Amino acid sequence: MSGGAKKLRVGFIGAGAITDLHYLGYKDNPKAELHAICDVDEAQLQRRASEWQIGKTYTDYRDLLADPDVDAVEVITPHHLHAEMGIGALEAGKHVSVQKPMAISVAECDAMIEAAARAGKLMRVFENFRFYPPLVKAKQLLDAGAIGEPLSIRIKCVQGTSGEDWEIPYRRWVWRFDPAQSGGGRVILDYGYHLFSIAQWFMGAPEKVFAWITHRPIQHGWMLDSPAVVIWKYKNAEKYGSYEAVTSDDMLVPTKYGRPEDEWVELTGSRGFIWVNRCTSMLLDRPAVEMYRDGETTAFPEVDSDWGASFVAGVHDFVDAVAEGRQSELSGEEGKAVLRFCRAAQLSAQEGREVRPEETA
């Protein structure tokens, strides 16, 4: 760093599969370094330490938090641990980036927000889709009025197969299908948090939500909440959005990162459309971002559409936010609002009625 400034020293709490992508943001980062890692699985911990050349390893997150050399942490663990570990880190004087969803209840979110205020440290909820370059480009175009007044958003998601004998790795996924650990809802909460966050980012908070969600057994007796359709009305406007998720083991989804699922976003404005044609994977062979306005269609081929770029940009924003004393996306309040969006969809499907997010707990 210029002027001999000290690098931000970061610890990972959790060293599972998704940390491959988090690590990309610290590899060769001139402003920050991955200083320590923690995982309860000793074998996994040592594999990561060797792979990333990390000298400090811990099997108890409390020991990592007691390390005076650690300035900040990334909490990358099952959802039910986010509040406990995030609050512990803040109380230990660390800046915190916590993987989405922020927590599994509104009360936990409030406790984390209060802990950050007491500590005077940065806390952000890391939702990488908000840093994905094609979605960032679409947001810039929308905010600049490129398609006129925003009218609606439509989000489509598919989960399929990579074309190999792909099966969900048991250790990596078992906790996601345990409601006590995941908070319940692989497609609506765990996966859907990304998309509800995008819907809120583009057009604001929802006033009310209605949903249909099918729950069906898959391998290991797990229950999958797909197919699902969620619709919502935005506050203070006759503007609407929708999220549709489908799952098919016969659907080929070419993927670089071992996650055969993909997403599309369509934004409608008073003068045209913006399409984001892929996110996690590479299902559609089209430019990642296209825009129609006034009879003319424009592609933006220069936009980086590699999903890993969203993690790199997200890590860099966290590091910069700490240095600059500003908030990084998502703030605690916004992270809580996205959780309530997800919970409103679940409650609506359960009770067969429109639900306002503020009803949820």
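This is a predicted model: local features need pLDDT of at least 70, side-chain atom pairs count only at pLDDT 80 or more; totals for chains, interfaces and linings use all residues.

Analyst: Residues are numbered from 1 along each chain as its sequence is written, and side-chain values use heavy atoms, leaving out hydrogens and water.

You'll find Thr360 in the segment after H11 (helices, H or I, of at least four residues and strands, E, of at least two are DSSP runs, numbered from the N terminus). Is Thr360 buried or exposed? Thr360 is buried, because its relative accessible area is 5% (buried means under 20%, exposed over 50% and partly exposed in between, with a 1.4 Å probe and protein chains only). Not counting residues up to four places away in sequence, Thr360 touches Val106, Arg340, Arg343, Ala344 and Val355 (contact means heavy atoms within 4.5 Å).

Val106, Cys109, Asp110 and Ile113 in H5 meet Gly332, Glu333, Lys336, Leu339 and Arg340 in H11. Sorted by class, that contact has 4 nonpolar, 1 polar and 4 charged residues (Ala, Val, Leu, Ile, Met, Phe, Trp, Tyr, Cys and Pro count as nonpolar, Asp, Glu, Lys and Arg as charged, and the others, Gly among them, as polar). How do the two helices lie? The axes of H5 (residues 106-119) and H11 (residues 332-351) come within 9 Å and cross at roughly 175° (axes are lines fitted to C-alpha atoms, for helices over the stretch in contact, and angles run from 0 to 180 degrees between N-to-C directions). So H5 is roughly antiparallel to H11 (under 35 degrees counts as roughly parallel, over 145 as roughly antiparallel, 65 to 115 as roughly perpendicular and the rest as oblique).

H11 lies across E8 and E11, running at about 50° to E8. E8 and E11 (residues 228-234) pair in the antiparallel sense over 7 bridges (two strands pair if DSSP finds at least two bridges between them). One spot to look for: Ile213 stands opposite Ala228 in E11. Both strands belong to an open sheet of 8 strands with mixed pairing, in the order E8-E11-E12-E7-E13-E14-E15-E16. Its edge strands, E8 (206-213) and E16 (296-299), each pair on one side only. Ignoring direction, neighbouring strands of this sheet are turned by 15° against each other on average. Another helix, H6 (residues 133-143), lies across E7, E13, E14 and E15, at about 165° to E14.

In H4 (residues 82-91), 8 of the 10 residues are buried: His82, Ala83, Met85, Gly86, Ile87, Gly88, Ala89 and Leu90. Along with H5, what covers these buried residues includes E1, H3, E4, E5 and E6. Just after H4, Gly93 takes a positive phi of about 85°.

Among those covering strands, E4 is worth a stop. In a regular strand, side chains alternate between the two faces of the sheet. In E4, Ala72 and Glu74 on one side and Val73 and Val75 on the other are all buried, and both faces are covered. E4 runs parallel to E1, with 4 bridges joining them, and E4 also pairs with E5 in the parallel sense over 4 bridges. Glu74 is handy for tracing this: Glu74 is the bridge partner of Phe12, and Ser97 in E5 is the bridge partner of Glu74.

To wrap up the tour, return to Thr360: a buried residue with Val106 and Arg340 among its contacts, and those two take part in the meeting of H5 and H11.
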